[in-house]
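We'll go from the overall layout to the details.

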Amino acid sequence: MEKKQQIVMSGIRPTGFLHLGNYFGALRNYVKMQEEYECYFMVADLHSLTTHPDTKELKQNVHRVLAENIASGIDPDKAALYCQSHVHETSELYLYLNMLAYKGELEKTTTFKDKVRQQPDNVNAGLLTYPVLQAADIILHRATFVPVGKDQEQHLEMARNFANRFNHRYGDVFPEPFAFNYGSELIKVPSLDGTGKMSKSENQNATLYLADEDEVIRKKVMKAKTDAGPTAPYSQKPDYIENLFLLMKLVSAADVIAKYENDYNTCVIRYGDMKKQLGEDMVKFISPIREKVNGILKDEKYLKEVMEKGAEKARKSAKATMELVRQAMGLKYL
Ligand code: ADP
């Protein structure tokens, strides 16, 4: 199939095991998009330094994220799958964009405020300028579609602002990037305990990881919060029950979901049975990915080849953009 003109870019930080949120918010879209567009998918190792300055486990984590991308269906021959630190042009563009980003707007970013609360002893400048680096990652390839989960909406708005500000000051180089999902809305996969979202580093007992063993998956699902059930037909679902249905919609068959919806609406639902079913469907979904990841991780030579091939493609695109950037900025004196 002839690929369309639009360019796609996205990344995942190597800060731990990937989970269902990463899969349904990001990876699932990546896999579809690689068939249709020119795609750049990156392991965001530089971003991880803002919250995980200790690099002892970084290499291992980078390998894992790469393997989890591939096991989820990314084909390194179709998409450029690369490591952020292998493309030095990113850092140069980050520097230029930093001159166009204002302290006030960065301090107002929700993720920055969250991180300040989470790590009060390490409020580093990189944390403040995280959205600038992310904008650099994206517009470095002049991407327009960015497959991400709902938590990234604000960062994408900032990326558009930085791109527009650059264009306004120095001349049109960058198209506007937008968050992308094949469905109509961006996705947020909730955690199993009904509070917040699944995440690599928080809420670990309420997050389903692609690396979880079958028994762990079943146990986590069985522990999900429920109650005595609805007392009136067609009642509104409490958040934690709504979340269970949402998770079921991600992995279970349509007739299974319809049965439990009907049971809920007629007040005969048995949450124990529903969670057992959800646990089994999650196992069926996650276990083949987990086994593939384990196989890929054993082949370091292959992972190195993937990274080299990806970096080469990404550098080519980055170099072309940076020529335009330096030209537009008047940084060419020779
Ligand atoms: P995490 O927040 O788990 O550390 P990252 O910040 O590396 O994950 O994000 C990688 C991608 O996964 C982003 O596109 C992000 O929007 C998406 N993502 C992360 N958590 C979720 C979630 N619970 N639901 C939907 N998408 C998510």
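What follows is a short tour of the domains, the contact between them, and one glutamine.

Keep in mind that this is a predicted model. Where they touch, domain 1 brings 12 residues and domain 2 brings 14 residues.

Now for the interface itself. Together the two domains bury about 1100 Å² between them, and 79% of that is on carbon and sulfur atoms. On the domain 1 side, look for Leu 20, Phe 24 and Ala 71: these lose the most area to domain 2, and together they make up 47% of what that side buries.

What about charged and polar pairings? Between domain 1 and domain 2 there are 0 salt bridges, and 2 residue pairs are in polar contact across the interface. Helix 1 (20-36) and helix 3 (58-71) each give at least two residues to the side of domain 1 that touches domain 2. Sort the residues of that side by type and you get 8 nonpolar, 2 polar and 2 charged.

Last stop: Gln 134, which you'll find in helix 8 (residues 130-139). Is Gln 134 buried or exposed? Its relative accessibility is 10%, so Gln 134 counts as buried, the cut-off being under 20%. Leaving aside residues up to four places away in sequence, Gln 134 touches His 47, Gln 152, His 155 and Leu 156.

Note on methods. Residues are numbered from 1 along each chain as its sequence is written. This is a predicted model: local features need pLDDT of at least 70, side-chain atom pairs count only at pLDDT 80 or more; totals for chains, interfaces and linings use all residues. Side-chain values use heavy atoms; hydrogens and water are left out. Contact means heavy atoms within 4.5 Å. Buried area is the accessible area (1.4 Å probe) that two parts lose on being put together, summed over both. A salt bridge is a side-chain nitrogen of Lys or Arg within 4 Å of a carboxyl oxygen of Asp or Glu. A polar contact is a pair of N or O atoms within 3.5 Å; within protein, one must be able to donate a hydrogen and the other to accept it, and residues adjacent in sequence count only if both atoms are side-chain atoms. Helices (H or I, at least four residues) and strands (E, at least two) are DSSP runs, numbered from the N terminus. Ala, Val, Leu, Ile, Met, Phe, Trp, Tyr, Cys and Pro count as nonpolar, Asp, Glu, Lys and Arg as charged, and the others, Gly among them, as polar. Buried means under 20% relative accessible area, exposed over 50%, partly exposed in between (1.4 Å probe, protein chains only).
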